[in-house]
Amino acid sequence: MEIDSARDVLRVTKSVASNSLFDDVNLSNTRFANVNLSAAHLEGVNLTNATITDANISNTLLTNVNLSNVRIENAQLAGMIINGVPVRDLFAVYEAAGKK
């Protein structure tokens, strides 16, 4: 199926669209619920002001991303590395400085 230059609101449920290509598509204000994006490749994606909840992004590589003003709350951070530094080490330094 091909959709080109359309401006329709889509309601897609209980579907498989694996190996699909979305290029130059505006999905702003779209709601994704119970969606499997494992092994997806996101490039040139604008997630400004997005909310991501109850998501599994384990083993994900974020490179050349803008994380300005990103808040991470109630997250499992085991094994997380930022620019080559394990996050557990960053927290250890933070706590040692008395910034609990």
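Reader: What makes arginine 71 and glutamate 73 a salt bridge?

Author: This is a predicted model. In it, the closest N and O atoms of arginine 71 and glutamate 73 are 3.2 Å apart. The cut-off is within 4 Å, so the pair counts as a salt bridge.

Reader: Why is arginine 71 called exposed?

Author: Its relative accessibility is 69%. Exposed means over 50%, so arginine 71 qualifies.

Reader: How do you know whether glutamate 73 is buried or exposed?

Author: Glutamate 73 has 54% relative accessibility. That value is over 50%, therefore glutamate 73 is exposed.

Reader: How many salt bridges does the structure hold?

Author: The structure holds 2. Aspartate 89 and arginine 88 form one of them.

Reader: What makes aspartate 89 and arginine 88 a salt bridge?

Author: Their closest N and O atoms lie 3.8 Å apart. The limit is 4 Å, so this pair counts too.

Reader: Why is aspartate 89 called partly exposed?

Author: Aspartate 89 has 36% relative accessibility.

Reader: Which residues form the nonpolar patch on the surface?

Author: Phe22, Val25, Leu27, Phe32, Val35 and Leu37 form it. Together they have about 610 Å² of accessible area.

Reader: What makes valine 25 partly exposed?

Author: Valine 25 has 45% relative accessibility. This falls between 20% and 50%, so valine 25 is partly exposed. Valine 25 lies in the segment before β1 (81–82).

How values were computed:
Residues numbered from 1 in each chain as written. Predicted model: local features only at pLDDT ≥ 70, side-chain atom pairs only at ≥ 80, totals over all residues. Heavy atoms only, no water. Salt bridge = Lys/Arg side-chain N within 4 Å of Asp/Glu carboxyl O. Buried < 20%, exposed > 50% of the residue type's maximum accessible area, 1.4 Å probe, protein only. Patch = residues over 30% accessible without salt bridge, like charges linked within 9 Å, V, L, I, M, F, W, Y side chains within 5 Å. Areas by Shrake-Rupley, 256 points an atom, 1.4 Å probe, with all protein chains shown as cover. Helix = DSSP H or I, 4+ residues; strand = E, 2+ residues; numbered from the N terminus.
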